[in-house]
Every structure is written in structure tokens, then in C-alpha cells.
Amino acid sequence: MPDSPTSANRGGVRIARGASPWLLPTVATAALSLTRARKSGRWAAVAVPTTALAAGMLWFFRDPEREITQGRVISPADGVVQSIMPWKDGRTRVAIFMSPLNVHVNRAPLAGTVTSVEHVPGGFVPAFNKESENNERVVWHFDTELGDIEMIQIAGAVARRIVPYIPQGTKVEQGERIGLIRFGSRVDIYLPEGVEVAVEVGQTTTAGVTRIDRD
């Protein structure tokens, strides 16, 4: 059932959809090693790193509930504003870098209809590198009250899998979960011509909470 910006539970946390291929084997290994550690010193030595790794995975794939901010355009990602760049067609690109410590779930920046979800093959250089422009990516287009809004999920050196949650043709609410980038990377959003940017380079953003545009 789609998320609704009015149904967010304050303080709630769940595990992100799309985490199971990484999370389940790690947690299962940790559980097995802990069980056998009671009878074997060798397993006790294994239990420490596997349990730490499982705890790290649970942290990496956390998906907290959010009280969605009211505003025309809100941040689709947790991270740091890496660049703000005017585009030739009059739009402004806001690039948000997501570290492995950020929440990896991305949210719809506006309410509207998903008109396109396109997977584009590419490389896997670090997302802060200029060459990341050619990385693996998923390009989203939303039909909104501001017109067509483009958002791009970009894979990085560690993030080798982007998991869209919803298909083309889906109507989304602002702040609704739309996809996951495993282990961080970058999300770009293109603001239409005439929309003023409210954030600045180096500013920390929170998906569904930080407003990107200014009245």
C-alpha cells in the first residue's frame, strides 16, 4: 500500500524494501554463529564480526518514518548538497551526495504521476567524482503541478544496485517512498526554470523533510 505523507508515524523505523538479498544472509550467519558460539570457541571468534556486520546492515537499511514537510519541492534523499548547477534549458540541477551512513530510501519530491522510470547502464566510480555522470542510474520523470520534474538515482563505487519501488503510471504523494540505492551514492533533481533553490552547497538534507525550493 503506498505511503501517505499524512500517515507517517513519528519516530517509527522499519527495514527498507530491497534490503533482503544483503540483509538476510548476514543476519542468518550471525544467528548461526551466536548459537554455536555457546559450545565452540572457534564459533565465538566468528560470532563477533558477523554480529557486528549484521548490526551494521540493520543500520544501513533502516527506513524511518517521516513527518513530511509542506512545500512545493522537498528533498528526495538524505545526504549533503554536492552541487547546484544551472542547466542549458533553464532548469537547475541540485545534486545530493548520499554516504553509506545515510538512509538509502528515496522519496518523491512532489505529488504527481510517474511518467517514466528508465534504467541506464553505466560505470561505478565514486559518486563525488565528476566521471560519475556516466554511472549506472535510474532516471525518473514525474508529471506534477510544476510540469515535468526529472530525478536521477545514481549508483556509486559501492552502490551497485538501484531498486525502484513503483512503475511507470503510478500516482504518488509527495514524500512517498519510491526506491532504494543500496549503500548510498547520489540523487539529482532538476528544478524547473523560474523555481528558486532554497538549499546551498554543503547543506545536509533529509528526504521528505528538507525543502529544496523557495517561495
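**From side-chain pairs to a strand in a sheet**

Modeller: Arg-211 is partly exposed, with a relative accessible area of 23%. The model is a predicted one, in which local features need pLDDT of at least 70 and side-chain atom pairs count only at pLDDT 80 or more, while totals for chains, interfaces and linings use all residues. Residues are numbered from 1 along each chain as its sequence is written, and side-chain values use heavy atoms, with hydrogens and water left out.

Arg-211 has a partner in Asp-213: the two form a salt bridge whose closest N and O atoms are 2.8 Å apart. A salt bridge here is a side-chain nitrogen of Lys or Arg within 4 Å of a carboxyl oxygen of Asp or Glu. Asp-213 is buried, because its relative accessible area is 1%. Elsewhere, salt bridges that share partners connect Arg-14, Asp-63, Glu-65 and Arg-177 in one network. The search of the whole structure finds twelve salt bridges.

Another of these pairs is Arg-66 with Asp-78, with 2.9 Å from N to O. Both Arg-66 and Asp-78 lie in the loop between strand E2 (62-64) and strand E3 (79-86), so their bridge ties together parts that are twelve residues apart in sequence. Arg-66 and Asp-78 are both buried. The names of the elements follow DSSP runs numbered from the N terminus: helices (H or I) have at least four residues and strands (E) at least two. A further salt bridge joins Arg-91 and Asp-89, at 2.8 Å from N to O. Arg-91 is buried, since its relative accessible area is 18%, whereas Asp-89 is partly exposed, at 42%.

Rings of Phe, Tyr and Trp (its six-membered ring) pair if their centres lie within 6.5 Å; planes under 30 degrees apart count as stacked, over 60 as edge-to-face and the rest as tilted. By this rule there are two aromatic pairs. Trp-87 and Tyr-190 are edge-to-face, with 5.4 Å from centre to centre and 80 degrees between the planes. This pair links distant parts of the chain, 103 residues apart: Trp-87 is in the loop between E3 and strand E4 (92-98), and Tyr-190 is in strand E12 (residues 185-191). Trp-87 is partly exposed, with a relative accessible area of 31%, while Tyr-190 is buried, with 6%. The rings of Trp-140 and Phe-142 have centres 5.9 Å apart and planes at 5 degrees, so this pair is stacked. Trp-140 and Phe-142 are both buried.

Two strands pair if DSSP finds at least two bridges between them.

Strand E8 (residues 147-154) runs antiparallel to E12 and is joined to it by five bridges. Within this pairing, Ile-152 has Asp-188 as its bridge partner, and Ile-154 stands opposite Arg-186. E4 pairs with E12 in the antiparallel sense over seven bridges. Here Ala-95 has Asp-188 as its bridge partner. Seven of the seven residues of E12 are buried, so the strand is largely enclosed by the rest of the structure.

For the setting, the chain has two helices and 15 strands. Buried residues make up 47% of its 215 residues. There is also an open sheet of three strands, in the order E5-E11-E9, with antiparallel pairing. Its edge strands, each pairing on one side only, are strand E5 (105-107) and strand E9 (162-164).

Technical notes: Buried < 20%, exposed > 50% of the residue type's maximum accessible area, 1.4 Å probe, protein only.
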